[in-house]
Each structure stands twice: as C-alpha cells, then as structure tokens.
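This report describes one protein chain for a reader who is new to structures. Please look at the sequence and the 3D view before reading on.

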Amino acid sequence: MDAKDREILRILEQDGRITNLDLAARVGLSPSACLRRVQEMERTAVIKGYRAVTNRATLGIGFTAYIGVGLSEHSRAAQKAFERAVSLAPEVRECHNVTGTIEYLLRVEVSSLDDYKRFHTDILGTLPQVSSLTTYVVMESSKDERA
C-alpha cells in the first residue's frame with residue numbers, strides 16, 4: 001500500500017459507485033493503472049466489498065442501541081454459542097468481542113422501543129451465556145462513517 005492506494009481507498013469509502021474514469025482523474029493515474037490498483041486491493045481483500053448506505057428511518061428503523069453484554073462463563077464454547085445466537089438475530093447489526101468489564105458490544109436496530117423490549121426479553125434474555133446487559137440508547141449520531 002502506498003499513498004495512491006490510500007487515496008483511492010479514501011475516495012471509494014466516500015463514494016463506492018464512482019466510475020473508474022473519475023477515480024483515476026481524482027488520484028492522478030491513468031484509468032488502466034487505477035483499475036489495476038483497485039482490482040489488486042479487491043483480490044487481496046483490502047477491499048472486502050461494496051454496499052449501499054441506507055436511510056434507516058425510511059426503512060422503519062427508528063431505534064438504535066448499543067448493548068454491553070457480560071457472559072456468565074468465559075470459555076471459548078460460551079463465546080461461540082453466544083456468537084452463533086446473535087448471528088441469527090436480524091436486529092443485531094454488529095457484534096464485537098471487546099476487552100474490559102464486558103465481553104461483547106452489540107449494535108441493535110429495531111423499529112421502536114417496544115420492539116427493543118421484545119428483543120431484549122425474548123432473544124437476549126433467553127441466552128444461557130448472558131449474565132448482564134447494559135443498554136445505551138442512541139439519541140443522535142453527529143458522526144457515523146459506517147457504510
């Protein structure tokens with residue numbers, strides 16, 4: 001990775017649909033050289049994919065929360081069982097294994113507080129690995145660079 005590759009990545013992170021011609025012009029490369037660099041970053045999984053950034057509110061998602069999850073057992077088996085369970089829950093948009101006083105940090109998106117309560121009680125509350133849950137409700141996001 002050199003400065004040109006990092007510049008290409010910065011632009012693609014902002015606009016994944018930019019044409020190769022426009023991208024090449026912005027970074028000062030020929031279109032063929034630019035395309036070779038992008039294809040190499042795709043081949044080596046520096047670029048893992050492209051996504052649409054959606055307006056969650058127009059999709060009916062009006063409630064976002066981060067949940068700190070403590071596990072009752074600190075074994076690999078308990079971690080894998082928890083990860084399998086949350087991977088099946090469409091409400092869980094992100095699951096991170098973290099260090100500190102908890103084991104996991106989840107980002108959950110649902111339509112309403114009532115839907116969150118159902119998820120909290122009927123999904124997370126039934127997992128035998130879970131010993132504690134701490135919810136942080138997102139009121140506003142002044143910066144969010146997730147694709």
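## Helix H4

In H4, the buried residues include Ala-78, Gln-79, Ala-81, Phe-82 and Val-86. Buried means under 20% relative accessible area, exposed means over 50%, and partly exposed lies in between, as found with a 1.4 Å probe on protein chains only. Seen down the axis of H4, the buried residues fall within an arc of 165°, so they line one face of the helix. The arc is that of the directions from the helix axis to the C-beta atoms. On the other side of H4, Arg-76, Ala-77, Arg-84 and Ser-87 are exposed. The buried residues of H4 pack against S1, strand S2 (92-97), S3 and strand S4 (130-137). Helices (H or I, at least four residues) and strands (E, at least two) are DSSP runs, numbered from the N terminus.

H4 has twelve residues, which at 1.5 Å a residue should span 16 Å; its end C-alpha atoms are 16 Å apart, which agrees. The expected span is 1.5 Å times one less than the number of residues in the helix.

## About the model

This is a predicted model, in which local features need pLDDT of at least 70 and side-chain atom pairs count only at pLDDT 80 or more, while totals for chains, interfaces and linings use all residues. Residues are numbered from 1 along each chain as its sequence is written, and side-chain values use heavy atoms, with hydrogens and water left out.

## Helix H2

Which residues are buried in helix H2 (residues 20-27)? They are Leu-23, Ala-24 and Val-27. These residues cover an arc of only 100° around the axis, which puts them on the same side of H2. On the other side of H2, Leu-21 and Ala-25 are exposed.

What covers the buried residues of H2 includes H1 and H3. After H2 comes Gly-28, whose phi is positive, near 75°.

## The nonpolar cores

In soluble globular proteins, nonpolar side chains tend to be buried together. A nonpolar core is a set of buried Ala, Val, Leu, Ile, Met, Phe, Trp, Tyr and Cys residues joined through side-chain atoms within 4.5 Å. The largest such core here has 18 residues, of which Phe-82 and Leu-106 touch the most other members. At least two residues of this core come from each of strand S1 (63-71), helix H4 (76-87), strand S3 (104-110) and helix H5 (113-122). S1 gives the most to this core, with five residues. A second, separate core has twelve residues, including Ile-11, Leu-23, Ala-24 and Met-41.

Leaving out residues up to four places away in sequence, Leu-106 touches Ala-65, Tyr-66, Ile-67, Val-69, Phe-82, Val-86, Val-92, Glu-94, Cys-95 and Leu-124. Contact means heavy atoms within 4.5 Å.

## Salt bridges

Side chains of opposite charge can pair when their charged atoms come close. A salt bridge is a side-chain nitrogen of Lys or Arg within 4 Å of a carboxyl oxygen of Asp or Glu. By this rule the count comes to ten salt bridges. One of them joins Arg-37 to Asp-2, with the closest N and O atoms 2.9 Å apart. This pair links distant parts of the chain: Arg-37 is in helix H3 (residues 31-43) and Asp-2 is in the segment before helix H1 (3-14), 35 residues apart. Arg-37 is partly exposed at 24%, and Asp-2 is partly exposed at 31%. Another salt bridge pairs Glu-40 with Arg-43, with the closest N and O atoms 2.7 Å apart. Because Glu-40 and Arg-43 are three residues apart in helix H3, they are separated by about one helical turn. Glu-40 is partly exposed at 37%, whereas Arg-43 is exposed at 61%.

The side chains of Arg-56 and Glu-109 also meet in a salt bridge, at 2.7 Å from N to O. Arg-56 lies in the loop between H3 and S1 and Glu-109 lies in strand S3, so the pair ties together parts that are 53 residues apart in sequence. Arg-56 is partly exposed at 24%, but Glu-109 counts as buried at 7%. A network of salt bridges links Arg-56, Arg-93, Glu-94, Arg-107 and Glu-109.

## Cysteines

How many disulfides does the structure hold? It holds zero disulfides, a disulfide being a pair of cysteine sulfur atoms within 2.5 Å. Cys-34 counts as buried, at 0% relative accessibility. Cys-95 is partly exposed, with a relative accessible area of 32%.
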